[in-house]
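Please look over the chain below before reading on. The paragraphs that follow move from overall totals to one helix, then to charged pairs and aromatic rings.

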Amino acid sequence: MEKKCTLFFVSAMILAAAAGCGTKTPDNAGVDTNRPQNTQAVHGTETEIAVDTEHTSQLQLGNAVEIPEGFEGRIAEEEAHRELEQAIAKYCGIREEDFEKTRYYYNYVDLNEDGQNEILAFVFGQDVPQIQGNVLLWLNEERGSLSKDSVCQSFEQVGTPVYISSQKTEGYRNLILTENTQTVSVLKEQGTEPVSIGQSYRELTYTGEKYQELEEGATLDDIRDKKGTAIFTNPIESGLANENCHILGEAIRK
């Protein structure tokens with residue numbers, strides 16, 4: 001039986017997540033800062049997103065998310081991934097007619113430092129019945145290929161960036177995931193909707209078979225004393241609002 005994912009809205013950074021996805025360049029490389037920009041205001045907040053969408057390709061909106069000094073930031077991979085898309089669709093039970101509503105980012109990681117990359121994928125589908133929010137998937141390639149059985153673990157109700165600590169437990173680097181702890185009401189066309197804005201962190205350690213579940217991890221209010229790698233450091237809110245992320249099915253249909 002295909003596993004069904006029940007998910008949650010990803011954080012304050014997803015305030016404008018009604019639309020689709022696209023690409024990246026570090027520190028806004030390739031963007032003409034002298035050109036007039038398209039600005040989008042989010043009702044009910046004081047946040048404005050200014051992005052030149054005419055001259056950005058998929059996932060090229062830059063490493064705009066602020067991260068602690070001890071972490072090296074990495075934005076998501078630019079190329080759509082066919083086998084990953086198939087694994088996401090089958091694991092989460094997403095119907096083909098809902099592919100266009102489903103967005104994803106992914107990064108290669110080496111959690112146990114054995115020289116073999118694994119994949120962490122962030123999947124968004126607020127209007128997709130099988131998802132209704134977002135989920136973080138940890139996948140391990142088996143013999144160079146991915147399937148729904150490649151999913152080692154999934155984490156719900158988390159935000160971005162995802163922090164991979166330099167500290168290891170049982171041979172695997174600790175995961176530090178963002179939790180959403182406060183909400184505000186945001187005005188949308190269909191009315192108001194609660195959106196998470198407050199954040200704390202959970203540090204998850206490997207137990208020998210898998211990572212701790214989110215509720216089992218140690219709660220952290222601050223991670224400035226930690227070191228490691230931060231992934232998904234793209235400005236996710238503008239990425240979703242301005243079609244600068246991957247759409248499920250874009251590689252499958254090529």
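Of the 254 residues in the chain, 52% are buried, where buried stands for under 20% relative accessible area, exposed for over 50% and partly exposed for what lies in between, with a 1.4 Å probe and protein chains only. This is a predicted model, in which local features need pLDDT of at least 70 and side-chain atom pairs count only at pLDDT 80 or more, whereas totals for chains, interfaces and linings use all residues. Residues are numbered from 1 along each chain as its sequence is written, and side-chain values use heavy atoms, with hydrogens and water left out.

The chain contains 2 helices and 13 strands, these being DSSP runs numbered from the N terminus (H or I of at least four residues for helices, E of at least two for strands). Its accessible surface, computed by the Shrake-Rupley method with a 1.4 Å probe, where for residues only the protein chains shown count as cover, comes to about 12,400 Å², and 41% of that belongs to carbon and sulfur atoms.

As background, an α-helix has 3.6 residues a turn, so residues three or four places apart point the same way. Gln86, also in helix 1, counts as partly exposed because its relative accessibility is 24%; its C-alpha atom is separated by 6.9 Å from that of Ser147, a residue 61 positions away along the chain. After the helix comes Gly93, with a positive phi near 70°.

Turning to charges, a search of the whole structure finds 10 salt bridges, each defined as a side-chain nitrogen of Lys or Arg within 4 Å of a carboxyl oxygen of Asp or Glu. One of them joins the side chains of Arg95 and Asp98 at 2.9 Å, N to O; Arg95 is partly exposed at 38% relative accessibility, while Asp98 is buried at 3%. Another joins Glu96 and Arg253, with an N to O distance of 3.9 Å. Glu96 lies in the loop between helix 1 (82–92) and strand 4 (103–109), and Arg253 in the segment after strand 13 (246–247), so this pair ties together parts that are 157 residues apart in sequence. Glu96 counts as exposed at 51% relative accessibility, and Arg253 as partly exposed at 43%.

In a further salt bridge, the closest N and O atoms of Lys226 and Glu203 are 3.2 Å apart. This pair links distant parts of the chain, since Lys226 sits in the loop between strand 11 (218–220) and strand 12 (228–231) and Glu203 in strand 10 (residues 191–204), 23 residues apart. Both Lys226 and Glu203 are buried. Elsewhere, salt bridges that share partners join Arg95, Glu97, Asp98 and Lys101 into one network.

A polar atom of the Glu118 side chain lies 3.0 Å from the backbone nitrogen of Leu111. Leaving aside residues up to four places away in sequence, Glu118 touches several others, including Asn107, Asp110, Leu111, Trp138 and Tyr172.

The aromatic side chains complete the tour. The whole structure holds 13 aromatic pairs, in which rings of Phe, Tyr and Trp (its six-membered ring) have centres within 6.5 Å, with planes under 30 degrees apart counted as stacked, over 60 as edge-to-face and the rest as tilted. Trp138 and Tyr172 have ring centres 6.2 Å apart and planes at 70°, so they form an edge-to-face pair. Trp138 lies in strand 6 (residues 133–139) and Tyr172 in strand 9 (residues 172–188), so the pair ties together parts 34 residues apart in sequence; both residues are buried. The rings of Trp138 and Tyr206, with centres 6.5 Å apart and planes at 75°, are likewise edge-to-face. Tyr206 lies in the loop between strand 10 and strand 11, 68 residues from Trp138, and both Trp138 and Tyr206 are buried. Tyr105, Phe122, Phe124 and Phe232 form one aromatic cluster.

Note on methods
A polar contact is a pair of N or O atoms within 3.5 Å; within protein, one must be able to donate a hydrogen and the other to accept it, and residues adjacent in sequence count only if both atoms are side-chain atoms. Contact means heavy atoms within 4.5 Å.
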